[in-house]
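Try each one before you read its solution.

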Amino acid sequence: MGNANNCCASSTGNEKPETTVADPAPVQDQIDKALEQKPDQGPQVVLRFVLQNGTSKDVTFTERPLGIDFSRTLPLTCKRLKPGLQGEKNEVKIGWCVSHINGTVIQTNFDEALRDLQDAVKQLPAV
């Protein structure tokens, strides 16, 4: 075994150790990436859900119907999932609340929020 002091023999002891810290990408960059469409992809809708534990999750939908029954009040909350449709396939859970539609914060008025959701979803191809 060698002498441990030889490991950093050229060090004066005054240098600070190097530390590399990765900055997390800003939320908007993540949204933009999720919304980015590749040439071979059709339209998509990205819904940001606030989960019951307080975290959020972006879910991308590529066809309609979504198969999600939402509450008739704000926040738009998943009440029911229809088997075999997009909501279930994307593992959306009952109780999740929509906070953003395609990167835009949900309106504070239920009718506007519902209209924004319907306008976004009607751009998707029907299956």
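**Exercise 1.** Are F49 and W96 buried or exposed?

*Solution.* This is a predicted model, in which local features need pLDDT of at least 70, side-chain atom pairs count only at pLDDT 80 or more, and totals for chains, interfaces and linings use all residues. Residues are numbered from 1 along each chain as its sequence is written, and side-chain values use heavy atoms, with hydrogens and water left out. Now check the cut-offs: buried is under 20% relative accessible area, exposed is over 50%, and partly exposed is in between (1.4 Å probe, protein chains only). F49 and W96 both come out buried.

**Exercise 2.** Work out how the rings of F49 and W96 are arranged.

*Solution.* Start with the rule: rings of Phe, Tyr and Trp (its six-membered ring) pair if their centres lie within 6.5 Å, and planes under 30 degrees apart are stacked, over 60 edge-to-face, the rest tilted. That gives one aromatic pair. Its ring centres, in F49 and W96, sit 5.6 Å apart with planes at 55 degrees, so the pair is tilted. Helices (H or I, at least four residues) and strands (E, at least two) are DSSP runs, numbered from the N terminus.

**Exercise 3.** Trace how β1 meets β2.

*Solution.* Strands pair if DSSP finds at least two bridges between them. Here β1 (residues 45–50) and β2 (residues 56–61) run antiparallel, joined by six bridges. V50 faces S56 in β2. Five residues separate the strands of this hairpin, and G54 in the turn has a positive phi of about 95 degrees.
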